[in-house]
Amino acid sequence: MEIWRVVDELVCTRRVPGLGSASLRVLKGQKGEIMVASDAVGAPPGKWVFTALGSAARLAMPDQTTTTDLTICGIIEGWDET
């Protein structure tokens, strides 16, 4: 698991069938890296979240057949970035 900040929502009009209608979020890491994750919890921009990677990311989605390798699993309350 890793900790990221949600930067924005990502809207894609064309998707592979395995992605379905999963919500997507743009995440920024503590070192400035940018990633896109499927969102299983409805995390809004500005929130800190923790994620699951790899095959665990699919298992974290409500539909476990979703094609993803990074999923937001929870919203962190009271996280201090320092």
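What does the secondary structure of the protein chain come to? It comes to one helix and five strands (DSSP runs numbered from the N terminus: helices H or I of at least four residues, strands E of at least two). This is a predicted model, in which local features need pLDDT of at least 70, side-chain atom pairs count only at pLDDT 80 or more, and totals for chains, interfaces and linings use all residues. Residues are numbered from 1 along each chain as its sequence is written, and side-chain values use heavy atoms, with hydrogens and water left out.

Start with the whole chain in cartoon view. Along the sequence the pattern is β-β-β-β-α-β. The C-alpha trace spans about 40 × 25 × 20 Å along its principal axes.

Next, select the strands. Five of them form a closed barrel in the order β1-β2-β3-β5-β4, with mixed pairing (two strands pair if DSSP finds at least two bridges between them).

Now select residues 24-28, which are strand β2. β2 pairs with β3 in the antiparallel sense over five bridges. K28 has I34 as its bridge partner in β3.

Then go to D39, in strand β3 (residues 34-39). D39 counts as buried because its relative accessibility is 7% (buried is under 20% relative accessible area, exposed over 50%, partly exposed in between, with a 1.4 Å probe and protein chains only).

Finally, show what surrounds D39. Leaving out residues up to four places away in sequence, D39 touches S23, R25 and I72 (contact means heavy atoms within 4.5 Å). The side chain of D39 also reaches the backbone nitrogen of G42 at 3.0 Å.

Definitions and conventions: Polar contact = N/O pair within 3.5 Å; in protein donor to acceptor, adjacent residues only side chain to side chain.
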